[in-house]
Amino acid sequence: AVTIGKEAGLKYVYPGNLPGGADTLCPDCGKVLVERRGYSVRVDALDSPEGKCGFCGCATEGVWQ
């Protein structure tokens, strides 16, 4: 399902209920932008409040304020 979603042009596809598959990756450089572990969420690689990737500057859709 993840492969089909990505092939259809979706940027952020998650398998759900699987370990290690819930992180948000930059669609351009592939680096982790939002790390999820269980119920913990860590946002380290976004240039808030613009929501740009801290590695390559790609704009990431979302509300980051």
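**View 1. Arg 42 and Asp 44 pair up in a salt bridge, with their closest N and O atoms 2.5 Å apart.** A salt bridge here is a side-chain nitrogen of Lys or Arg within 4 Å of a carboxyl oxygen of Asp or Glu. Asp 44 is exposed, at 53% relative accessible area; the cut-offs are under 20% for buried, over 50% for exposed and partly exposed in between, with a 1.4 Å probe and protein chains only. Salt bridges with shared partners link Asp 23, Glu 35, Arg 37, Arg 42 and Asp 44 into one network. Before going on, note that this is a predicted model, where local features need pLDDT of at least 70 and side-chain atom pairs count only at pLDDT 80 or more, while totals for chains, interfaces and linings use all residues. Residues are numbered from 1 along each chain as its sequence is written, and side-chain values use heavy atoms, leaving out hydrogens and water.

View 2. Arg 37 sits in strand 2 (residues 32-37) and Asp 23 in the loop between helix 1 and strand 1, 14 residues apart. Helices (H or I, at least four residues) and strands (E, at least two) are DSSP runs, numbered from the N terminus. Which of the two is buried and which partly exposed? Asp 23 is buried, with 14% relative accessibility, whereas Arg 37 is partly exposed at 45%.

**View 3. Lys 11 and Glu 61 join their side chains in a salt bridge, 3.2 Å from N to O.** Lys 11 belongs to the loop between helix 1 (2-7) and strand 1 (24-25) and Glu 61 to the segment after strand 5, so the pair ties together parts 50 residues apart in sequence. Both ends are partly exposed: Lys 11 at 44% relative accessibility and Glu 61 at 46%. By the salt-bridge rule, the count comes to five.

**View 4. Thr 60 is tucked away as a buried residue, at 6% relative accessible area.** Thr 60 lies in the segment after strand 5 (52-53). Beyond its neighbours within four places in sequence, Thr 60 is in contact (heavy atoms within 4.5 Å) with Tyr 12, Leu 33, Leu 46, Gly 51 and Cys 53.

View 5. Along the sequence they run α-β-β-β-β-β. The C-alpha atoms fill a box of roughly 30 × 30 × 20 Å, taken along the principal axes. Buried residues account for 22% of the 65 residues.
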